Amino acid sequence: MRRAAAVLLAMVLPGLSVAGAADSAVVRSSPGEYALLAGYGITHRGFGATRTQVQTVDAILRYGHFLSDEHGAGWYRGRHELFVELPLHLTVDPRVRTMTGGYLLGSWKFTSLDRLAPYLFAGGGVLYNDLGLATQGTRLNFSYQGGVGLQWFYRRDVALGIEYRYHHVSNAGTADPNEPLNSSKILFGVSLYR
């Protein structure tokens, strides 16, 4: 047991010293980032017209491209960033099915803190799903979403993150019936800045 603890400390301590040397300066100058996010989502029955509980395990590939240099002063200083995302939402309740598509999201990434980069985002996209729900009139759906996130720089060009997003799915009235799926998602991720 002591030997396992010593091995664990030997592995963790060098990483902590690297983390202490990291800062978020790369966010101020980088052209973009590549990220992988994973997490969990659940619908809110009774929110809007949502009646069906759907739970998902989520994986999202993201490319973020900065559209501007820094703007603003003080705590709100930041940069505009565009996210292009390829999501895979695996439903695990009420049955195992998939949702996939593409999202385009606008983001404001705050650059005023060392080692931390909070951000806000909103946008939408198309989503193909085969959930087998009688309350959805079509497999081609649309999604809008928004949320907040926080990245912590483990190394100069690598950040670990956590994100909350409100996620809406419906067919936008193109078919009947059209029960929306309004959900919350908690995602964890790793980003590589280039």
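## Surroundings of Lys185

In this predicted model, Lys185 touches Tyr40, Gly41, Thr56, Asp58, His89, Glu163, Tyr164, Arg165 and His167, leaving aside residues up to four places away in sequence. Lys185 belongs to strand 8, which covers residues 181–193, and it counts as buried because its relative accessibility is 2%, where the cut-off for buried is under 20%.

Two of these contacts can be described further. The side chains of Lys185 and Thr56 are joined by a polar contact of 2.9 Å, while the C-alpha atoms of Lys185 and His167, which are 18 residues apart along the chain, are separated by 7.1 Å.

## The barrel

Eight strands, in the order 1-2-3-4-5-6-7-8, close into a barrel with antiparallel pairing. On average, and with direction ignored, neighbouring strands of this sheet are turned by 25° against each other.

## Nonpolar cores

The largest nonpolar core has twelve residues, including Val54, Phe83, Met99, Tyr103, Leu127, Leu131 and Leu181. Strand 4 (97–110) and strand 5 (116–129) are the elements that give two or more residues to this core. Apart from it lies another core, of seven residues, among them Phe66, Ala117, Phe153 and Ala159.

Met99, a member of the largest core, touches Thr56, Pro87, Leu88, His89, Thr91, Leu127, Tyr128, Asn129 and Leu131, again not counting residues up to four places away in sequence.

Methods. Residues are numbered from 1 along each chain as its sequence is written. This is a predicted model: local features need pLDDT of at least 70, side-chain atom pairs count only at pLDDT 80 or more; totals for chains, interfaces and linings use all residues. Side-chain values use heavy atoms; hydrogens and water are left out. A nonpolar core is a set of buried Ala, Val, Leu, Ile, Met, Phe, Trp, Tyr and Cys residues joined through side-chain atoms within 4.5 Å. Buried means under 20% relative accessible area, exposed over 50%, partly exposed in between (1.4 Å probe, protein chains only). Helices (H or I, at least four residues) and strands (E, at least two) are DSSP runs, numbered from the N terminus. Contact means heavy atoms within 4.5 Å. A polar contact is a pair of N or O atoms within 3.5 Å; within protein, one must be able to donate a hydrogen and the other to accept it, and residues adjacent in sequence count only if both atoms are side-chain atoms. Two strands pair if DSSP finds at least two bridges between them. Axes are lines fitted to C-alpha atoms, for helices over the stretch in contact, and angles run from 0 to 180 degrees between N-to-C directions.
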